[in-house]
Amino acid sequence: MNADPRVVPSAAPSAAPSAVWGPLSRFGLAVAVAAAAIDQAMKLWLLFVFDLGGRGIVTLTPFFDLVLTWNTGISYGLLRQQGPFGQWALLALKAIAVILLWIWLSRVTSRLTALSLGLIIGGAVGNAIDRFAYGAVADFALFHLSTASFSFNWYVFNLADVAIVAGVIGLLYETLVGDGAAKAP
């Protein structure tokens, strides 16, 4: 006990910020788990219950079809890999990206940024599960437009890709319009 009234006892030392856990990590983790789980549930249903591979192209609307494709590369089929070494290299690259995104998540204070990072992490994990289980990522959604003189097919994608794109849009919004823009020097 310090008897000197001029000396103010120091407060308990505050916990040092963690590189792996922050104020919104639990929220971001919940978003990531939900995104990966929904993606995997949809893929499992389409592959093993609906049997999309056996049905071929399933037309849902004049501009949207379900069609099973296996992506051995990364986004938009870039860096396609056929052998196990290439697939493991892509998994390693994805793991590094998820770790870096998680470290970023541990430092954020905005719920929109945490939501966005959780969506990106969850989408990456959902696609990584495919790559690990099947050696390629199952894609199934195809938007297209066809007229008498014009035809356009978008890339075939899945719900993990939707989560990643939504997360990137959230980060861009936060940076350009939201609180992130106000904090810029």
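**Before you start.** This is a predicted model, in which local features need pLDDT of at least 70, side-chain atom pairs count only at pLDDT 80 or more, and totals for chains, interfaces and linings use all residues. Residues are numbered from 1 along each chain as its sequence is written, and side-chain values use heavy atoms, with hydrogens and water left out.

**Select the whole chain.** Colour by secondary structure. You will find 6 helices and 4 strands. Helices (H or I, at least four residues) and strands (E, at least two) are DSSP runs, numbered from the N terminus. From the N terminus, the order is α-α-β-β-α-α-β-β-α-α. Of the 185 residues, 37% are buried (under 20% relative accessible area; exposed is over 50%, partly exposed in between; 1.4 Å probe, protein chains only).

**Select residues 25-49 and 159-176.** These are helices H1 and H5; their axes come within 8 Å and cross at roughly 150°. Axes are lines fitted to C-alpha atoms, for helices over the stretch in contact, and angles run from 0 to 180 degrees between N-to-C directions. H1 is therefore roughly antiparallel to H5 (an angle over 145 degrees).

Now show side chains. H1 brings Ala-35, Ile-38, Asp-39, Met-42 and Lys-43 to the contact, and H5 brings Leu-159, Ala-160 and Ala-163. Contact means heavy atoms within 4.5 Å.

**Select Ile-103.** This residue lies in helix H3, residues 84-105. Ile-103 counts as partly exposed because its relative accessibility is 28%.

Technical notes:
Angles under 35 degrees count as roughly parallel, over 145 as roughly antiparallel, 65 to 115 as roughly perpendicular and the rest as oblique.
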